[in-house]
Amino acid sequence: MAKPFKPSVHLKDNDVTDESVYVNRRTLLKSLGFVGASTLLAKSAGAAGWFWEDDVDAPKSELKPQLKPLKFTQPSQFQINETRTPEDKVTTYNNFYEFGTGKDDPAKNATEFQTNSWTLKVDGLVKKPFVLDYESLTSRFPLEERIYRLRCVEAWSMVVPWIGFELAALIKQAEPLMSAKYVAFETLYDPEQMPGQRSRFVGGGIEYPYVEGLRLDEAMHPLTLMSVGLYGKTLPAQNGAPIRLVVPWKYGFKSIKSIVRIRLTDKQPPTTWNRLASNEYGFYANVNPQVAHPRWSQASERRITTGGLLARNRIDTQMFNGYQEVAPLYSGMDLSRYY
Ligand SMILES: Nc1nc2c(c(=O)[nH]1)N[C@H]1C(S)=C(S)[C@@H](COP(=O)(O)O)O[C@H]1N2
Ligand SMILES: [Mo]
């Protein structure tokens, strides 16, 4: 079945700068019979430990009809000049333990996830608590496209064109009280829909619901995004439908998915990964190449682009994931310490 195969420039996809080029290239490779062949070879080479799991061609995700296109503006300051991670990688290589701990589990196990009767409650230490229904998640605030780096604590990263609005806009609408110092976030708890919440094994032994938190000034920072879509459409379930947080200068686990409640509080809220292993995952979790995770270095990262045999893409990790403008938030803090 596999055609004779030799690595060629066609498979060196790591210098592609635009998804349309990538899509065309894939079509071309497919018509030449290369896509299937590279996948086969990739599988066996992967088993031999030659390269990482995500270098294997991901199955092309069908554009799900329930993903509706979104209207948005594109502020120029968020259009970074780095290769975007192709949509089929963003939507098939995921961490979403409620749907399983494998990278490809969420895309497989979340296909039936129902979000159309969603509500998001905003309450706690605010003057005007409110609830957003499913429709208002994408219509209450003007939507923007922002291309952000996403750096997972596992030392891989992506570049994702998110669609969303500033968390600050939502918080302002609730009118925080002077006593509010932190913001606590909570993911849906629904074991019927989320197999990871039914079984310690499938869900990685996590205590659900998944919870996260930010200091209020971090939450109000203009970079902090509530995302309702990516690649021009509403969010796929595996990426945190219908609404998730994106905090681009922090490790990915802070960017909590499928949020049902946002609560302002005067105490630092518990966070899922910190609860699980406080020596490995801090509350702040700012991306910092100088401070190693207890079990691995954070000095560099594997940038996930298009994969392919020659794609290695190991790049230096930047302080605050390259978002230096957040540095003043931490001016009194010793950033060489592990938080
Ligand atoms: N509720 C919930 N949110 C979550 C996670 C999770 O397991 N459950 N995983 C986190 C981790 S570790 C990362 S790296 C990002 C991954 O987001 P993505 O799959 O959209 O790339 O989601 C974060 N948000
Ligand atoms: Mo992560």
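Start by selecting ligand 1: the space it takes is the second largest pocket. Here a pocket is an open set of points on a 1 Å grid over the protein atoms alone, with protein on both sides within 12 Å along at least five of seven lines; a molecule sits in one if more than half of its atoms lie within 2 Å of its grid points. Keep in mind that this is a predicted model, where local features need pLDDT of at least 70, side-chain atom pairs count only at pLDDT 80 or more, and totals for chains, interfaces and linings use all residues. Residues are numbered from 1 along each chain as its sequence is written, chains are lettered from A and ligands numbered from 1 in the order written, and side-chain values use heavy atoms, leaving out hydrogens and water.

Next, show the shell (a heavy atom within 4 Å). It has 16 residues, with Asn94, Tyr97, Glu98, Ser255 and Lys257 the closest. By class, seven are nonpolar, six polar and three charged.

Now pick out the polar contacts (N or O pairs within 3.5 Å):

- Asparagine 94: its side chain has an N or O atom 2.8 Å from a ligand 1 oxygen.
- Asparagine 239: a polar side-chain atom is 3.0 Å from an oxygen of ligand 1.
- Threonine 187: a side-chain N or O atom sits 3.0 Å from a nitrogen of ligand 1.

How much of ligand 1 does the protein cover? 98% of the 540 Å² of accessible area that ligand 1 has on its own (Shrake-Rupley, 1.4 Å probe).

Last stop: glutamate 82 and arginine 149, a salt bridge with its closest N and O atoms 3.0 Å apart. Glutamate 82 is in the loop between α2 (34-47) and α3 (87-90), while arginine 149 is in strand β3 (residues 144-151), 67 residues apart. The structure holds 18 salt bridges (Lys or Arg side-chain nitrogen within 4 Å of an Asp or Glu carboxyl oxygen).

Terms used. Polar contact = N/O pair within 3.5 Å; in protein donor to acceptor, adjacent residues only side chain to side chain. 1 Å grid on protein atoms, 1.4 Å probe; cavity = no way out; pocket = protein on both sides within 12 Å on 5 of 7 lines; lining within 4 Å. Nonpolar A, V, L, I, M, F, W, Y, C, P; charged D, E, K, R; others polar. Helix = DSSP H or I, 4+ residues; strand = E, 2+ residues; numbered from the N terminus.
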